[in-house]
Amino acid sequence: MAAHVLEATEGTLRVFGAAPGSAEAGRRTAFLAQEKPLYRHFTVAENLRLGRELNPGWDQRAAEDIVRAGNIPLDAKIGTLSGGQRTRVAFAVTFGKRPDLLLLDEPMSDLDPVVRHELMGTVMAEAAEHGTTVLMSTHVLAELDDVCDFLVVVSGGSVRLAGDVDELLAMHTLVSGARDGDDLPDPLARHTVVESRLSGRQFTALLRAEAPVMEAAAGPWTASAPTMEELLLAYLRSGQAPPLLTPTAQVPERAHDGRAVAA
């Protein structure tokens with residue numbers, strides 16, 4: 001909807017204060033989908049020229065630098081390139097536009113890990129240099145490590161987890177050890193248990209506190225900080241766990257025609 005690919009069925013959406021599809025929103029926003037729509041019978045240079053002709057703020061040097069970093073000839077036709085090379089050209093067109101907001105809909109899901117890591121480094125370097133906000137949708141959890149500042153996890157049509165990544169990680173502890181009965185030890189069960197798994201006499205549990213810093217209850221078990229992947233998988237697997245939206249993810253309420261509504 002922000003990229004004006006879909007129309008909202010209800011409610012309104014604004015992009016930098018403008019309606020999606022307007023000249024202002026279009027000028028400041030770039031969208032790259034998984035299909036990476038490039039003209040396969042055009043050369044790389046011709047695709048970049050198309051981007052230059054259609055975008056007033058086009059940065060030809062930046063686009064060519066991204067292409068050359070992958071050793072891709074400018075006179076090569078898109079249809080002759082590998083998947084990783086086509087993705088690099090698509091990113092070159094996207095960043096050549098110099099957007100303030102870059103929307104990525106799983107553009108690297110079909111790439112091998114080495115190429116994905118390389119291109120993600122390129123994306124983040126370009127974004128950091130020019131202050132671009134990157135909104136990325138992905139099912140590849142490895143793409144999120146050391147990249148994501150703010151996280152929203154959606155499952156079953158609802159938000160399960162949302163907030164600043166460092167804050168979310170600090171609010172959870174992964175505990176493992178031996179159990180005496182059929183359930184978790186009582187000191188641990190008093191915390192919010194996002195997920196628990198039992199294997200013989202051993203247990204592993206992801207615990208959550210309502211404060212940013214949490215110390216696991218003292219006992220004969222091991223406590224450690226969860227990784228991003230462990231945190232995400234726990235919330236995706238455990239639909240019964242209460243959702244968590246940190247204060248940074250809370251939407252303030254404002255007065256509207258005498259009523260309190262979500263902003």
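A: Let's start with a term: two strands pair if DSSP finds at least two bridges between them. Keep in mind that what you're looking at is a predicted model.

Now to strand β8, which covers residues 202-208. Is β8 mostly covered or mostly open? It is mostly covered, with five of its seven residues buried. On one hand, β8 pairs with strand β6 (residues 172-178) in the antiparallel sense, over seven bridges. To find a spot in that pairing, look for S176, which stands opposite T204 in β8. On the other hand, β8 pairs with strand β7 (residues 192-199), again antiparallel and over seven bridges. Here you can pick out V193, whose bridge partner in β8 is L207. Follow the chain from β7 into β8 and you trace a hairpin with two residues between the strands.

The protein has eight helices and twelve strands, and its C-alpha trace spans about 70 × 55 × 30 Å along the principal axes. Of its 263 residues, 39% count as buried. Take the contacts between residues at least 6 apart in sequence: 65% of them join residues at least 24 apart.

Next, the helices. In α2, the buried residues are V44, N47, L48 and G51. Seen down the axis of α2, these residues fall within an arc of 100°, so they line one face of the helix. The buried residues of α2 pack against α3 (60-69) and α4.

That brings us to α4, which runs over residues 83-96 and holds R88. Is R88 buried or exposed? Buried means under 20% relative accessible area, and R88 has 5%, so it counts as buried. Leaving aside neighbours within four places in sequence, R88 is in contact with I66, V67, A69, G70, I72, E118, L119 and T122.

Rolling a probe the size of a water molecule over the atoms shows where empty space is left. The largest pocket holds about 1400 Å³ of space. It is lined by 36 residues, and the closest to its centre are L135, M136, S137, T138 and V152. The elements giving two or more residues to this lining are β2 (101-105), α5 (113-130), β3 (133-137), β4 (150-155) and α8 (228-237). Sorted by class, the lining of the largest pocket has 29 nonpolar, five polar and two charged residues.

The second largest pocket holds about 510 Å³. Of the 18 residues lining it, F31, P37, N55, V93 and T94 are the closest to its centre. By class, the second largest pocket is lined by eleven nonpolar, five polar and two charged residues.

Methods. Residues numbered from 1 in each chain as written. Predicted model: local features only at pLDDT ≥ 70, side-chain atom pairs only at ≥ 80, totals over all residues. Heavy atoms only, no water. Helix = DSSP H or I, 4+ residues; strand = E, 2+ residues; numbered from the N terminus. Buried < 20%, exposed > 50% of the residue type's maximum accessible area, 1.4 Å probe, protein only. Contact = heavy atoms within 4.5 Å. 1 Å grid on protein atoms, 1.4 Å probe; cavity = no way out; pocket = protein on both sides within 12 Å on 5 of 7 lines; lining within 4 Å. Points joined across faces, edges and corners; volume = space filled by probe spheres on them. Nonpolar A, V, L, I, M, F, W, Y, C, P; charged D, E, K, R; others polar. Arc of directions from axis to C-beta.
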